[in-house]
Amino acid sequence: MTSHASLPRRAAVELIGTAGLLVVVIGSGIKAAEVSRDTGVALLANSLVTALGLGLIITLFGPLSGAHLNPVVTLTAWWGRCTGGEGLAGRDALVYAAAQTAGAIGGAVLAETMFGRTPGTFSTQVRDGGHLLVGEVVATAGLVLVIQGLGRIGRPKLIPSAVAAYIAAAIWFTSSGSFANPAGTIGRAFSDSFTGIAPESLPGFVAAQLLGGVLGLALAALVYGRAQRAVTVVAPGVGSLEQVAEKHPTDPAYEAVV
């Protein structure tokens, strides 16, 4: 649930939140590689720190903008509105995506600068191969399913911890390392570090993430059914839906779910 903040304020929150996420992801990756030459140890440290940081950022900024931090999540919110549920208008979704991408690039540059590295250096880590793209489809579909599923069963308060836990796990169980975020993927191209991705690998990863988002929505619809939006009904002279329910607990005329 988001506040009634203006679009510029929400966009600023998305930019800051996504920048913070990239600082956490890239910064922890650089630090992990510095303190250990063991790739497994470095990946474990990076995944745990990423999960902790992501959970905190979502908890902090969720009430303001929804803390999407990810164009795929934003597109699913737009699709929700298009299909009659709650979500974002098209203009808002475009602004969110632009803010997230700018924030991701800014966060990557900040992380590089913070560790005394040359900011703005493109990554040389080429990540190609069909198996990696399959991994990104799976990672992104799972992320969308977690968010949509918790929303549809009425447990949105669990999203920060659930998303953090899912990303920590997906970093390990997917072949791609679970980028699962087009803006974050673009940002990570600006860091030639443990967590970076070469610019030439971006098109395949972003396309796989968008496909994963569509698959995640389809799975959510299959498992949970169509998203529903509760509508507050006010009966003249009676009061709100809650008050009506107290006076007419068995009257189906006061039940309204879209």
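What share of the 258 residues in the protein chain is buried? The points below take up this question and then turn to individual elements.

1. Overall make-up. The model is a predicted one, and in it buried residues account for 45% of the 258 residues of the protein chain. The chain holds nine helices and zero strands, so that the pattern read along the sequence is α-α-α-α-α-α-α-α-α. Among contacts between residues at least 6 apart in sequence, 77% join residues that are at least 24 apart. The accessible surface of the chain comes to about 12800 Å², and 66% of this area belongs to carbon and sulfur atoms.

2. Helix H4. This helix has 25 residues and spans 36 Å from its first C-alpha to its last, which is close to the 36 Å expected at 1.5 Å a residue. Its buried residues include Asp 92, Tyr 96, Gln 100 and Glu 112, along with several alanines and the glycines Gly 103 and Gly 107. The cover over the buried residues of H4 includes H1, helix H2 (39-65), helix H3 (71-82) and helix H7 (182-188). After H4 comes Gly 116, which has a positive phi near 75°.

3. Salt bridges. Side chains of opposite charge can pair when their charged atoms come close. The count here is two salt bridges. In one of them, the side chains of Arg 10 and Asp 92 meet with an N to O distance of 3.3 Å. Arg 10 and Asp 92 are both buried. The other salt bridge joins Glu 112 to Arg 117, with the closest N and O atoms 3.1 Å apart. Here Glu 112 counts as buried because its relative accessibility is 1%, whereas Arg 117, at 29%, counts as partly exposed.

4. Aromatic pairs. A search of the whole structure finds four aromatic pairs. In one of them, the ring centres of Trp 78 and Trp 79 lie 6.2 Å apart and the planes meet at 55°, so the pair is classed as tilted. Both residues are partly exposed, Trp 78 at 34% relative accessibility and Trp 79 at 42%. Another tilted pair is formed by Phe 122 and Phe 190, whose ring centres are 5.1 Å apart and whose planes are at 50°. That pair links distant parts of the chain, with Phe 122 in the loop between H4 and H5 and Phe 190 in the loop between H7 and helix H8 (202-224), 68 residues apart. Phe 122 counts as partly exposed, its relative accessibility being 46%.

5. Ala 141 and its surroundings. Ala 141 lies in helix H5 and is buried, because its relative accessible area is 4%. Apart from neighbours within four places in sequence, Ala 141 is in contact with Gly 212, Leu 215 and Gly 216. The C-alpha atoms of Ala 141 and Ala 208 are 9.8 Å apart in space, although the two residues are 67 residues apart in sequence.

6. Nonpolar surface patch. Leu 215 also belongs to a nonpolar patch on the surface, formed with Ile 153, Leu 219, Leu 222, Val 223 and Tyr 224, and the accessible area of these residues together is about 550 Å². Ile 153 is located in the loop between helix H5 (130-152) and helix H6 (159-173), and at 42% relative accessibility Ile 153 counts as partly exposed.

Definitions and conventions. Residues numbered from 1 in each chain as written. Predicted model: local features only at pLDDT ≥ 70, side-chain atom pairs only at ≥ 80, totals over all residues. Heavy atoms only, no water. Patch = residues over 30% accessible without salt bridge, like charges linked within 9 Å, V, L, I, M, F, W, Y side chains within 5 Å. Areas by Shrake-Rupley, 256 points an atom, 1.4 Å probe, with all protein chains shown as cover. Salt bridge = Lys/Arg side-chain N within 4 Å of Asp/Glu carboxyl O. Helix = DSSP H or I, 4+ residues; strand = E, 2+ residues; numbered from the N terminus. Buried < 20%, exposed > 50% of the residue type's maximum accessible area, 1.4 Å probe, protein only. Expected span 1.5 Å × (residues − 1). Contact = heavy atoms within 4.5 Å. Phe/Tyr/Trp six-rings, centres within 6.5 Å; stacked < 30°, edge-to-face > 60°.
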